[in-house]
Structure formats: structure tokens, C-alpha cells
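Please read the following walk through the structure with the model open beside the text. The paragraphs move from one residue to its surroundings, and then to other parts of the chain.

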Amino acid sequence: MKTNYTQGITALITGVITSLIILISLSSFVIINPGEAGVISVLGKARDGVLLEGIHIKPPLISKVDVYDVTVQKFEVPAQSSTKDLQELTARFAINFRLDPTQVVVIRRTQGTLENIVSKIIAPQTQESFKIAAALRTAEESITQRSQLKNDFDNALSERLAKYGIIILDTSVVDLNFSTEFARAVEDKQIAEQRAQRAVYIAKEAEQEAQAEINRAKGKAEAQKLLAETLKAQGGELVLLKEAIQSWREGGAQVPQVLVIGDKSGALPFILNLDKGMEKK
């Protein structure tokens, strides 16, 4: 009976020791997956040196590993500012960023979790960067120079967040709004500009039409002048005869009702009316 009791105690102790060994062994290793970085804290103190992907040894039982996602993160952050001409301007930015793996230990000591990084670092720095970019231009320029506004914002934000171990990859302007009064003023200005452009177009159209009439009148006058000179020249009567024949043909080749008969002697011509006979003019 005593032997069985002793054996039972021995087996229990052996099992406890084996379990402790397994537990200690398991807690002596940590695996960091791709896209992650770890920080070891021993008795609450962060140890220098970042744990990158792979398997790592750590002090058992008394250490803890905080794992950070260093892949690309995306958050939408609102911002508000005033333009150079003191117009209220609100925006919303989609920010793509990632943590610098080499700075994870500093991030752990100063900021803690990713949620703290977004709320305490990225959000306020986004606000300040937007103020810097918006103050460089008027409200109207913020619309017409939107790409430059974004570039100024990106540069300011990247510079401010770099010292916190945060790398900005890209930003997008999700929304950009002005005050109701300014939006209405812009709309009224666009309507006025469109009306002015329409008036200019109508004026130019009228000017072009007038010029066309002038050109047609000049052309007609030149043609008449040329015809008059032709008639005055020797052989002009042949031109008249040709014109008469042409008119006769265009009129359907009908027999004329009136004939003008004359010669080169200068005598008065005779007008022959086929209906009433002959009379001298």
C-alpha cells in the first residue's frame, strides 16, 4: 500500500515537472510572422532590438512579446482649416501608412498600441498638416490647384510623422467642402462667367456675319465694276449679246416678246414689240 502511494506521488511529481518543462520550453520561443515585428518586454521593461519574422528565443515566464502589424494600414481622418482668404475649408483624407519596423521599439515605449498611434499621432498631425497646406492658397485656388494642395499636405504630413516611425505611402482627398455661402458665391460666379462668355460669342458671331456681308458687298461691287469696264471696252456689245442669250436659255428658250435692234452707227435703236407692232424709241 505504501509502495503504491509512493509511486503515485512520484508519478504526480514527474507529471508536474514535465508540464513545467514543456511550459517553460514553449514560453522560451516566439514566432514572428511575415508582415509583423515584435518587441520583448522583460518584467515590464522593453528590451532593445526588434524581432523580425522568424523564430526567436525569449526569457520564459517573465517576458512578454508585443507584436505589431507593419503592413500597409489605411485610416480615414477628418480635418478642418481656413484658407488664405479666411474661408472655412473641411476635408477628409484616406491615409495609407505603415510602421517602420526598425522603430517599433520606440513606438512601443512612446505610443503603445496602433489605436493610440492613430488617435494621438496621425489624427492631430493630419489636422496640422492640412492647416499648413490650406493657408498657402485662397479658397478658389484650393479648387483650381487641388493637386498642389494635396502635394503640400503630403509633404507636411510625411515630415511630421517620420519622427514617430510612421511612413506615409499615399494619401487621398476623399472629400473637400467649403462653407455654404462660399459655395453659393462660386456657383453665382460660374453662372455670370457663362453668361459673359455667351455674350462674347454672340457678339463675335454678329461681327463675323457683318464682315461676311461686307465681303459679299465688296465682291458684288468688284464684279459690277469689272462688268462695266468690260462693256466700255471694244467688243462689249458681244458680252451683252451673250448675257441676253444666256438669260433666254435660262428662261426656258421662249421666243422674246420684245427685240432691241440697233447698229454701230450710233442711230437710235428700234424696239420691236411682237404683240403691238413696231415703234421708234
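S81 is found in strand β6. In this predicted model, S81 has a relative accessible area of 8%, so it is classed as buried. Neighbours within four places in sequence set aside, the contacts of S81 are Q87, E88, L89, Q127, F130, K131 and A134. One of these residues, F130, leads on to the aromatic side chains.

Three aromatic pairs turn up when the whole structure is searched.

F153 is buried, its relative accessible area being 1%. Taken together, F93, F130 and F153 make up one aromatic cluster.

The next topic is the nonpolar interior. In soluble globular proteins, nonpolar side chains tend to be buried together. Here the largest nonpolar core contains 30 residues, and I95, F97, L99, I122, F130 and I166 are those with the most contacts inside it. At least two residues of this core come from each of β2 (36-42), β6 (73-82), β7, α2 (104-110), α3, α5 and β8 (166-178). Helix α3 contributes the most, with seven residues.

Which residues are in contact with F97, leaving aside its neighbours within four places in sequence? They are T71, V72, Q73, F75, L114, V118, I122, I166, I167, I168 and L169. Another core lies apart from the largest one and has five residues, including V30, I32, I40 and L51.

Most residues other than glycine have a negative phi, and most peptide bonds are trans. L43, which is not a glycine, has a positive phi near 55°. L43 sits in the loop between β2 and β3 (45-46), and with a relative accessible area of 69% it is exposed. L86 likewise has a positive phi, of about 65°, without being a glycine. The loop between β6 and β7 holds L86, and at 72% relative accessibility L86 counts as exposed.

The structure has eight salt bridges. In one of them the side chains of R109 and D48 meet, with 2.6 Å from N to O. Because R109 lies in helix α2 and D48 in the loop between β3 and β4 (54-57), this pair ties together parts that are 61 residues apart in sequence. R109 counts as partly exposed at 48% relative accessibility, while D48 is exposed, with a relative accessible area of 58%.

D66 takes part in salt bridges with two partners. The side chains of D66 and K64 meet at 3.8 Å, N to O. Is D66 buried or exposed? At 14% relative accessibility, D66 counts as buried. The salt bridge of D66 with R108 has its closest N and O atoms 2.7 Å apart. D66 lies in strand β5 (residues 63-69) and R108 in helix α2, so the pair ties together parts that are 42 residues apart in sequence. R108 is partly exposed, with a relative accessible area of 26%. Through salt bridges that share partners, K64, D66 and R108 are joined into one network.

Definitions and conventions: Residues are numbered from 1 along each chain as its sequence is written. This is a predicted model: local features need pLDDT of at least 70, side-chain atom pairs count only at pLDDT 80 or more; totals for chains, interfaces and linings use all residues. Side-chain values use heavy atoms; hydrogens and water are left out. Rings of Phe, Tyr and Trp (its six-membered ring) pair if their centres lie within 6.5 Å; planes under 30 degrees apart count as stacked, over 60 as edge-to-face and the rest as tilted. Buried means under 20% relative accessible area, exposed over 50%, partly exposed in between (1.4 Å probe, protein chains only). A nonpolar core is a set of buried Ala, Val, Leu, Ile, Met, Phe, Trp, Tyr and Cys residues joined through side-chain atoms within 4.5 Å. Helices (H or I, at least four residues) and strands (E, at least two) are DSSP runs, numbered from the N terminus. Contact means heavy atoms within 4.5 Å. A salt bridge is a side-chain nitrogen of Lys or Arg within 4 Å of a carboxyl oxygen of Asp or Glu.
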